[in-house]
Amino acid sequence: MNINATLFGQMITFAIFIWITCKYIWPLFAKILDERQSKIAHDISNAEQRVRDAESMQHKAHQELSATKIKSADILDEANKRAGNIIDEARGKARLEGERLIQLANAEIAQQTEQAKQALRENLAELVIKNTEKLLRKRMDQTANDELLNQLITEI
């Protein structure tokens, strides 16, 4: 084993290197590592907070969705009730309109029947008059003919 001044020089140089490293370089690395560690911790904390916020927002969204579903069901029920009421109202109006039309038709039928009866009476009267005139020309005068005609009309 050969121990000489080179070995001591290398040991002194290495010791100086260690001392300079510990005095000037290591604090810089330690500071950078501490800053990096605090930044990572801060980012993790922010990420955890965002996860909690997202869960809270998701829960709130589910609640709002449930409330909206209930509200939409209520609106749908109300719309169905209104539609039923409108249909019932329309049926009532249609029934009244139908009854009114039936009454009008009955009145028109009665009027036409009466007109037909009147026309029939007139035609019958004319026929009776013509035939009676034919018969009476030979037997009666005009006044007796008119009396007989009036009597016949009233009987009809």
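**Figure 1. Glu 114 and its partner Arg 121.** Glu 114 counts as partly exposed, at 41% relative accessibility. Keep in mind that this is a predicted model. The partner here is Arg 121, which makes a salt bridge with Glu 114. Their closest N and O atoms sit 3.9 Å apart, so the pair just makes it under the salt-bridge definition, which asks for a nitrogen within 4 Å of a carboxyl oxygen. Arg 121 is partly exposed too, with a relative accessible area of 32%.

**Figure 2. Glu 97 meets Arg 100 in helix H1.** Zoom in on these two side chains and you'll find a salt bridge with an N to O distance of 2.4 Å. Glu 97 and Arg 100 are three residues apart in helix H1, so about one helical turn separates them. As for accessibility, Glu 97 comes out at 35%, which counts as partly exposed. Arg 100 is also partly exposed, with a relative accessible area of 39%.

**Figure 3. Lys 93 pairs up with Glu 89.** This salt bridge has its closest N and O atoms 3.5 Å apart. Both residues belong to helix H1, which runs over residues 5–136. Lys 93 is exposed, having a relative accessible area of 53%, while Glu 89 is partly exposed at 47%. The two get separate labels because the cut-off for exposed is over 50%.

**Figure 4. The whole-structure tally.** How many salt bridges does a search of the whole structure find? It turns up five, among them Lys 93 with Glu 89, Glu 97 with Arg 100, and Arg 121 with Glu 114.

Technical notes:
Residues are numbered from 1 along each chain as its sequence is written. This is a predicted model: local features need pLDDT of at least 70, side-chain atom pairs count only at pLDDT 80 or more; totals for chains, interfaces and linings use all residues. Side-chain values use heavy atoms; hydrogens and water are left out. Helices (H or I, at least four residues) and strands (E, at least two) are DSSP runs, numbered from the N terminus. Buried means under 20% relative accessible area, exposed over 50%, partly exposed in between (1.4 Å probe, protein chains only).
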